[in-house]
Amino acid sequence: MPLAAIDTTPGTDAVLYLPLGGTGEIGMNLNLYGHDGYWLIVDIGITFGGDAFPEHDVLMADPAFIVSRRQRLAGIVLTHAHEDHVGAIAYLWKRLKCPVYATPFTAAVARFKLTRAGLEDVPLHELPLGGRVEVGPFGVEYIAMTHSIPEPNAVLLTTSAGAVLHTGDWKLDDRPVVGGRYDMQRLRALRREPLLAMVCDSTNAVVPGSTGSEGELFEPLREVVETAGGRVIVTAFASNIARLVTLARVAAATERHFGVIGQAMQRMVAVARATGYWPADLPELVDARHLGYLPPEEVLAACTGSQGEPGSALDRMAADSHRDILLDAGDTVVFSSKLIPGNERPVAAVQARLRALGVELITDADAHVHVSGHPAADDLKRLYDWVQPPAVVPTHGTPRHLRANADIALGCHVPRVAVIGNGDLCRLGGDGPRVLGQVPTGRLSLDADGRLVPVPAPVLAQMRRSVC
Ligand SMILES: [Zn+2]
Ligand SMILES: [Zn+2]
């Protein structure tokens, strides 16, 4: 049904769910929940155009629907600090102008982004882990999960019509290396609460079994480093503080000095220190400027650039043009990361240049040097079994991932499952999820002058076709 024919005003008898980004694709999450006349945004992320769309480097969901209803926007709730959940805050806040809520680590990352954009006065409310707050007609409760960044949270949205569990990104990690455990007790208690639906991460729903733990990587990484001759450079996601802590411990165990190369990674370590996630017992980090002067066999460094990003630390090292470190034959580069689909070409190019330098490469195909941060099939089953939701709406995945998650939910005897996409205005009521109609969606792109411009329709169509 077209938008004009449906009433988009949230009533008191149900909760409306409207994903504008991140459902039917991985990246640029932007979720809207509506109740009793008001809307709430959960997460506001970006994605990268990558190799396929280099002229659209930074992309985000077009928030036009909620911008035109800004007076009815109660706030923005952030689940965690990954770019696909928080990256658009500084770009879009000026259009939304509402309070923002986050736990301390996420708030620190969001504050950095806002300050850098000259937005020092944004009302950014910091909540403790497990904290609760009233935002308009919504009660918002943070529930601790585990993932691949400090402080991943699910949020329980409570209303007079019932509650919705928005899982955010999660896995069930019993040895997360940094931060606390997931709050199993609270999750298991949800089955006794008046839940309407669970909106759940689908990223790894096509992967059988259970996702491994960060804690299991120390030994394989130690083995890789111990058997390496020259420098060892490990590229990983900048925000994976647990991985960096593991590497710092591997450095200590193999009598190497540890340093971090790349601005984004250095910034994340600074945030981790400031928020208490960098353990005090780790050896002091060696400044990137000094790493190049140390004997190669005494160096272990982590760096940005695992996706072949142009200008990243690894890209510069591969081009033999890094300011601080030049690699030699016999050095080793470890890809402690997964290859995000779409980045095959730039990663292959970086790897070819490294090989030409005589550098040995190790990826997750050669050794157990990476674990995902998302739930595989058995993890999804465990959470469905604990929560026993009356309905599941899969999100955070391409249509293939959403369908796989839906099948798992049905297999767990979840009575109602709705596979929807961006722009589907979905009513979550006592009688299950029901799509009321479609809201226009689009994408905004950052142009060369830093302005946000709509992605032209033909390019948008091309982008949507590229999602499998
Ligand atoms: Zn995500
Ligand atoms: Zn995430």
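**Figure 1. Overall size of the predicted model.** The protein has a radius of gyration of 22 Å. A compact globule of 468 residues would have a value near 23 Å, so the two agree. This is a predicted model. Along its principal axes, the C-alpha trace spans about 70 × 50 × 40 Å. The protein holds 14 helices and 24 strands. Of its 468 residues, 54% count as buried.

**Figure 2. Helix α4 crosses helix α8.** Helix α4 covers residues 104-116, and helix α8 covers residues 263-274. Their axes come within 10 Å and cross at roughly 135°. The two helices are therefore oblique to each other. The crossing of α4 past α8 is right-handed. On the α4 side, the contact uses Phe105, Ala108, Val109 and Phe112. On the α8 side, it uses Arg267, Val271 and Ala274. Six of these contact residues are nonpolar, none is polar and one is charged. What explains such spacing along a helix? An α-helix has 3.6 residues a turn, so residues three or four places apart point the same way.

**Figure 3. Helix α6 packs on helix α7.** Helix α6 runs over residues 218-227 and helix α7 over residues 241-253. The pair packs at an angle of about 50°, and the axes lie 9 Å apart. That angle makes α6 oblique to α7. Here α6 passes α7 in a right-handed crossing. Which residues meet? From α6 come Phe218, Leu221, Arg222 and Val225. From α7 come Thr246, Leu247, Arg249, Val250 and Ala253. This contact has six nonpolar residues, one polar and two charged.

**Figure 4. Helix α3 and its packing partners.** Helix α3 spans residues 89-96. Its residues Ile89, Ala90, Tyr91, Leu92 and Trp93 are buried. What do the buried residues of α3 pack against? Their strand partners are β3 (38-44), β5 (58-61), β7 (100-102) and β24 (452-454). Their helix partners are α2 (83-86) and α4.

Figure 5. Lys97 sits in the loop between α3 and β7. Its phi is near 45°, a positive value in a residue other than glycine. Is Lys97 buried or exposed? Lys97 counts as exposed, because it has 11 C-beta neighbours inside 10 Å, and a residue with 12 or fewer is exposed.

**Figure 6. Asp36, between two strands.** Asp36 is found in the loop that links β2 (30-35) and β3. This residue is not glycine, yet its phi is positive, near 50°. Asp36 has 17 C-beta neighbours inside 10 Å, so it counts as partly exposed.

Figure 7. Ile66 lies in helix α1 (residues 64-67). Ile66 is buried because 24 other C-beta atoms lie within 10 Å, and 20 or more are enough for that label. Which residues touch Ile66, leaving aside its neighbours within four places in sequence? The contacts of Ile66 are Leu32, Trp39, Ile41, Leu73 and Leu96. Pro399 is 333 residues from Ile66 along the chain, and their C-alpha atoms are separated by 24 Å.

Key:
Residues numbered from 1 in each chain as written. Chains lettered and ligands numbered in written order. Predicted model: local features only at pLDDT ≥ 70, side-chain atom pairs only at ≥ 80, totals over all residues. Helix = DSSP H or I, 4+ residues; strand = E, 2+ residues; numbered from the N terminus. Rg over C-alpha atoms; globule rule 2.2 N^0.38 Å. Axes fitted to C-alpha atoms, helices over the stretch in contact; angles between N-to-C directions. Parallel < 35°, antiparallel > 145°, perpendicular 65-115°, else oblique. Left-handed = near helix turned anticlockwise from the far one by under 90°. Contact = placed C-beta atoms within 7 Å. Nonpolar A, V, L, I, M, F, W, Y, C, P; charged D, E, K, R; others polar.
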